[in-house]
Amino acid sequence: MAQPSRFYFEDVGLHDVLETPAMTITEAHVTMYAGLTHDEPAEPGAVPEILPLCLTTGLGWRVPQPPLAVLAFMGFEWNVVLPVRVGDTIFSRSRTAAKRSMREGGVVIEEREVINQRGEIVHKGKFTFLVAKKPA
Amino acid sequence: MAVDSRRFFDDIQVGEEYESPGRTVTETDIVIFAGLSGDYNILHTDAEFMKSSIFGERIAHGLLGLAIQAGLFTRAGQPYATLAFVGLRWKFKGPIKIGDTIRVRGKVTAKKETSKPDRGLVTVERTVLNQRDEVVQEGETDLMVERRPGR
């Protein structure tokens with residue numbers, strides 16, 4: 001059976017920068033998200049703060065590199081700098097800030113910014129992933 | 001006009017605790033979240049591959065658990081007069097599997113006035129537990145909350 005193509009710990013370059021394609025956040029995204037989670041927008045036209053984060057994770061799948069072989073998403077910190085509104089078009093830019101080899105896989109720390117159509121950083125934070133090493 | 005029953009910055013006390021109702025996380029939740037977010041990581045979508053993983057089966061997206069606890073938190077007590085969610089520091093401690101029932105416990109750990117007189121920052125420590133009372137996620141969230149008008 002063909003193994004799916006994956007981006008392993010060894011493939012991750014320190015300080016590598018990755019930009020995703022952009023996506024317009026619509027009323028449909030907010031409605032689906034609120035229906036699924038019951039995390040509602042604060043007012044009409046507002047976007048719940050966790051939603052752009054969820055969408056940029058998916059946008060990270062549309063870059064010309066195989067998906068990171070994540071064993072576990074360990075944690076993150078996140079700051080909301082500016083509000084995101086329905087109709088805004090966002091993308092994310094991430095950078096590998098640190099990597100540390102462990103016995104089972106390795107830890108990768110990624111800094112991520114979410115940027116809107118005016119080039120403003122709307123959200124930013126730091127993610128910690130446990131990533132698989134290449135199979136021997 | 002309806003009476004405003006939201007709780008303002010001035011009403012919230014450090015040390016207050018809340019617990020939400022439970023919610024069972026289903027396969028449907030995970031499939032819809034994958035479709036909505038576009039995050040099709042095999043951890044969440046490939047049942048066969050996951051049989052041989054340390055989890056033994058598909059697990060929910062960490063961010064789905066985070067989003068569900070955000071929804072549960074609004075049912076854990078009288079809602080705050082929240083102006084904005086400002087930030088969080090979060091740890092994923094264990095998997096949420098299909099059929100697990102999660103709930104959130106919150107505790108107010110800090111209140112801080114800001115440079116704007118109409119609002120204040122409230123920090124809530126949150127613990128997401130499963131049906132076996134195992135901590136699956138935990139962290140702190142910072143919320144900007146309105147001050148009581150004309151207090």
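1. Before anything else, a definition: two residues are in contact if their C-beta atoms, placed from the backbone, lie within 7 Å. Helices (H or I, at least four residues) and strands (E, at least two) are DSSP runs, numbered from the N terminus.

2. Keep in mind that this is a predicted model, in which local features need pLDDT of at least 70 and side-chain atom pairs count only at pLDDT 80 or more, while totals for chains, interfaces and linings use all residues. Residues are numbered from 1 along each chain as its sequence is written, and chains are lettered from A and ligands numbered from 1 in the order in which they are written.

3. Start with chain A. You'll find two helices and six strands there, in the order β-β-α-α-β-β-β-β along the sequence. Its C-alpha trace spans about 50 × 35 × 25 Å along the principal axes. Chain A has 136 residues, and 33% of them count as buried.

4. Now look at helix α1 of chain B, residues 27–37. Which of its residues are buried? They are B:Asp29, B:Ile30, B:Phe33, B:Leu36 and B:Ser37. These sit on the same side of α1(B), because they cover an arc of only 130 degrees around the axis (the arc is that of the directions from the helix axis to the C-beta atoms). B:Glu27 and B:Thr28 are exposed, on the face turned away from the buried side.

5. What covers those buried residues of α1(B)? The cover includes α1 (27–37) and α2 (50–59) of chain A, along with α2 (42–45) and α4 (62–73) of chain B. Just after α1(B) comes B:Gly38, with a positive phi of about 80 degrees.

6. On to the place where the chains meet: 30 residues of chain A are in contact with 29 residues of chain B. β3 (70–80) of chain A gives the most to chain A's side, with 10 residues. That side divides into 20 nonpolar, seven polar and three charged residues. Here Ala, Val, Leu, Ile, Met, Phe, Trp, Tyr, Cys and Pro count as nonpolar, Asp, Glu, Lys and Arg as charged, and the others, Gly among them, as polar.

7. β3(A) pairs with β3 (residues 82–92) of chain B in the antiparallel sense, over five bridges; strands pair if DSSP finds at least two bridges between them. A:Trp78 has B:Leu88 as its bridge partner.

8. Last, the core. A nonpolar core is a set of buried Ala, Val, Leu, Ile, Met, Phe, Trp, Tyr and Cys residues joined through C-beta atoms within 7 Å. The largest one has 50 residues, and those touching the most other members include A:Ile50, A:Cys54 and B:Ala67. α4(B) gives the most to this core, with eight residues. Leaving out residues up to four places away in sequence, B:Ala67 touches A:Thr37, A:Asp39, A:Ile50 and A:Cys54.

Methods
Buried ≥ 20, exposed ≤ 12 C-beta atoms within 10 Å, placed from the backbone.
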